[in-house]
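Work through the exercises below with the sequence and the model open. Try each task before reading its solution.

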Amino acid sequence: MSHIVKTDVLIIGAGLAGLSTALSLPKSLNITVLSKAALEVCSSHYAQGGIAASLDKDDSVSDHVADTLVAGAGLCTPDNTASILGAGQQAVQWLCAQGVPFTQNSPNALDNTSAQEFSRLQTSDLHLTKEGGHGCRRVAHADDATGRHVMDALTIKAQAATNITILPYHEALELLTLPIASDKPFFTDNSDAKHCRGALVFDHINGRPLTFHSRAVVLASGGLGQLFKRASAPNVCVGDGVMMAWQAGCRLANLEFIQFHPTGLALDDSSFLISEALRGEGGRLYCPKTGVRFMLDVDARAELAPRDIVARAIAEQIDNNGLGYVHLDVSHLPADFVKAHFPQIYQTLLTLGIDITTDPIPVAPTAHYSCGGVVTDANGLTDVPGLYAAGEVAYTGLHGANRLASNSLLECVVVGRNIADHLPQYLERLEDLEEINGDIYYEAAQSAIEFWSAPILTNTQPVVLPISGLVAQQYGHGNKTLDVVDTNLAKTDVATIATELKALMTANMGITRSAGQLEQALTQIQKWQDWFTDAESDQSDASNRRSPTTASELACFQLTRQLALATLIIQSAYQRMESRGGHYRLDYPKLSDIPRASVVEPQREPYQQHISAAQSINISKTLNNMWKTLIA
C-alpha cells in the first residue's frame with residue numbers, strides 16, 4: 001500500500017524553475033521538492049552560456065523583446081514575452097542576492113571569497129556577453145558554467161531553509177486531481193472541473209510507491225531531449241511532466257519545435273555542449289575538408305544567426321562531407337582571453353586531447369531544448385486549477401518556434417517567482433474547502449475556480465490524435481513502400497526499444513522532416529505499442545502498469561509513456577505543413593502566411609497505457625486539404 005505524505009506545496013523538479021519557486025514562496029508554507037535523481041542531474045545545472053536580460057545602459061526591454069520575436073518566427077505570445085522579459089533585471093538582481101558568483105566587469109570589485117560577498121553584486125557590475133540572435137551584449141554569466149554556479153547557490157539556500165524539504169531520487173508518476181464544484185465549468189466542454197491536489201511518486205531509495213497530498217502542485221520537471229540519440233539534457237529529461245499534465249487535463253502546444261543546439265561536442269558519445277558564447281566572442285565555423293567558413297554564405301549574421309539556421313547549415317555540411325562534424329575554431333582569439341572566459345570548456349576539452357587555443361573543435365547539432373510544452377500563462381497557471389508549470393516543461397509563448405539563446409534561464413526565474421506571488425492567493429481561497437459543506441463549499445469552490453484564469457491561446461490549429469479502435473491500414477508514400485524497421489518484437493526488451501526509439505526520433509524527427517519519415521516513425525512506434533499490448537494481455541495483473549511498484553514495472557511504465565509522447569510530437573510535426581523556426585519540412589519548405597500554434601487538447605478519456613500511433617495516419621491524411629486551406 002502506498003505511504004501517504006502531506007505537504008502544502010509539492011514542487012516536481014529541483015532545477016532552476018523549481019528552486020526559484022520554492023525560495024520565493026512564503027516561509028510559512030511547508031514545501032516539498034522532488035528530484036528524480038541526484039540534485040545536480042538537471043538541465044539547469046549544465047547550462048553554460050548565461051541568462052539574458054536587458055542590463056546594459058544602451059539596451060532596452062523593447063529591443064530584447066524584438067530580438068526574441070524575430071527568433072520565435074511569429075509564434076511568440078507578445079504579451080507574455082514582454083511580461084517575462086520586462087522582469088529580467090529584477091530576476092538577475094534576485095540571483096545576485098542569492099550569492100550567484102556572476103562574472104564581473106571589474107574582477108577586483110569584490111574579494112570573491114564568499115556568497116555573502118557576491119550577494120552585494122549589482123546588475124551594473126556584471127560582464128555581459130553576446131549570443132546568436134541578440135542585437136547586443138545582454139547575457140550575464142558565471143564564466144562558462146553559469147548553470148552550475150546558479151544551481152549551487154540556490155541549492156545551498158534551499159537546503160538551509162527550514163520550510164523546504166528536498167527529496168532526491170523521488171520520481172513523480174501521475175498527478176492527482178479532485179472534482180471541484182462550480183456552476184461555471186472551468187472547461188467549456190467539460191462540466192467535471194478538477195483541481196490538482198498532489199501526485200503519485202516512486203521512491204527509488206526505498207523502492208516503494210508514495211502518495212503526496214498537497215494543496216497545490218508546481219510542475220518544473222524539465223524537457224524531453226532524451227527522446228533523441230544525441231542530446232545535451234541529462235538522462236532524466238524524457239518529457240514525463242508533459243505527459244502527466246496532459247493526462248491531468250492540460251493542453252499542450254507546439255511539441256514539434258525541438259531546438260537543436262548547433263554545437264554539441266562530436267566526439268564519441270559525448271553529450272558535452274560547446275557554448276554559443278564561443279561564437280558570440282568570435283568563434284567561426286569551418287568545413288573540415290575545404291576549410292571554407294560556410295556561414296558567411298548562409299546568413300548575414302554568419303555564426304550569430306538564430307540556432308535553427310546555424311544547426312541546419314551545419315547539418316547540411318555534415319551530409320556533404322560525410323565526417324559527422326564540422327569545425328568550430330577560436331584559435332584566432334588570444335589564448336589568455338579564451339582560457340579566462342571559457343575555463344570549463346578549455347579544461348574539459350584539454351583532458352580529451354583538444355587544446356581550443358590552437359585546435360579546432362569537432363561539433364555537430366544535438367537535441368537541446370523543447371520550445372513547446374504544457375500551456376501556461378506568464379504566471380505559470382495551467383488549465384487545471386492548483387497546477388502550475390515553469391521551465392522547459394511549460395509553454396508560455398516566450399520561445400515561439402525557436403528559442404532565443406539564454407532566454408530559458410530567465411524564464412525559469414521570472415515565472416517561478418510569479419508562481420510564488422500567485423500561489424498563496426490561490427491557497428487562501430481553498431483554505432477551508434475541506435472543512436465545509438453544502439452551499440458554503442459551493443461558493444468557496446466557485447470563488448477558487450473563478451480566481452484561476454486559464455491561459456489563453458489565439459491563432460491555433462488542433463492536432464488530430466488517434467481514435468481508439470480504428471484499424472490501421474497499409475499505405476505507401478508516393479509510389480514507394482515505406483521501409484519500416486522489422487523488429488522481432490517477441491524478443492525485444494524494454495531497454496532495447498528505448499534505445500531504438502531514440503535512434504528513430506533522431507533519424508525521422510530531427511533537424512529536417514518529411515511526411516514519409518514521420519509516417520515511418522509512427523508505424524514503427526505502433527509496432528512497439530502493439531508489442532506492449534500483447535505483453536500486457538499475457539499478464540494476469542496489468543494494473544501495476546499504472547502505479548508501478550517495482551523497478552521492472554517502472555521501466556515498462558516509463559517507456560509506454562515515452563512512446564505516447566513521441567506519438568504526440570510526431571503527429572504535431574506531421575500536421576504542421578510548413579517550415580517555421582525549429583520545424584523544417586523538406587516537403588513543405590515555405591512559411592505559411594498565418595502563424596498558428598499547434599494544440600493538443602487534454603486527454604479526456606480514462607487513463608490509457610498508450611496512444612495508438614499509426615492508426616491516425618489515414619485520419620491525418622484526409623485532413624491535409626483542410627490544413628492547407630487553414631494555414632494558406
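**Exercise 1. A covered helix**

Which are the buried residues of α1?

Solution. The model is predicted, so local features need pLDDT of at least 70 and side-chain atom pairs count only at pLDDT 80 or more, while totals for chains, interfaces and linings use all residues. Residues are numbered from 1 along each chain as its sequence is written, and side-chain values use heavy atoms, with hydrogens and water left out.

Step 1. Find helix α1 at residues 16–24; helices are DSSP runs of H or I with at least four residues, strands are runs of E with at least two, and both are numbered from the N terminus.

Step 2. Apply the cut-offs: buried is under 20% relative accessible area, exposed is over 50%, and partly exposed is in between, with a 1.4 Å probe and protein chains only.

Step 3. Read off the buried residues: Leu16, Ala17, Gly18, Leu19, Ser20, Thr21, Ala22, Leu23 and Ser24. That is 9 of the 9 residues of α1, a helix that is mostly covered.

**Exercise 2. Two packed helices**

Describe how α1 packs with α7.

Solution. Two packed helices are described by the angle between their axes and the distance between the axes.

Step 1. Helix α7 covers residues 146–160, and its axis is 10 Å from that of α1, at an angle of about 35°. Axes are lines fitted to C-alpha atoms, for helices over the stretch in contact, and angles run from 0 to 180 degrees between N-to-C directions.

Step 2. The crossing of α1 and α7 is left-handed, meaning that the near helix is turned anticlockwise from the far one by less than a right angle (clockwise would be right-handed).

Step 3. List the contacts (heavy atoms within 4.5 Å). From α1 come Leu16, Leu19, Ser20 and Leu23; from α7 come Val150, Met151, Leu154, Thr155, Lys157 and Ala158. Sorted by class, they are 7 nonpolar, 2 polar and 1 charged residues. Here Ala, Val, Leu, Ile, Met, Phe, Trp, Tyr, Cys and Pro count as nonpolar, Asp, Glu, Lys and Arg as charged, and the others, Gly among them, as polar.

**Exercise 3. Two polar contacts**

Which residue's side chain does Ser598 join in a polar contact? Which one does Asp59 join?

Solution. Step 1. A polar contact is a pair of N or O atoms within 3.5 Å; within protein, one must be able to donate a hydrogen and the other to accept it, and residues adjacent in sequence count only if both atoms are side-chain atoms.

Step 1. Ser598 is in strand β19 (residues 597–600) and is buried because its relative accessibility is 2%. Its side chain joins that of Glu256 at 2.8 Å.

Step 2. Asp59 sits in the loop between β3 and α3, and its 10% relative accessibility makes it buried. The partner of its side chain is Arg138, at 2.8 Å.

**Exercise 4. Positive phi**

Where do Asp143 and Tyr169 lie, and what is phi in Asp143 and in Tyr169?

Solution. Step 1. Most residues other than glycine have a negative phi.

Step 1. Asp143, in the loop between β5 and α7, has a positive phi near 50°. Asp143 is partly exposed because its relative accessibility is 33%.

Step 2. Tyr169, in the loop between β6 and β7, has a positive phi of about 60°. Tyr169 is partly exposed, at 38%.
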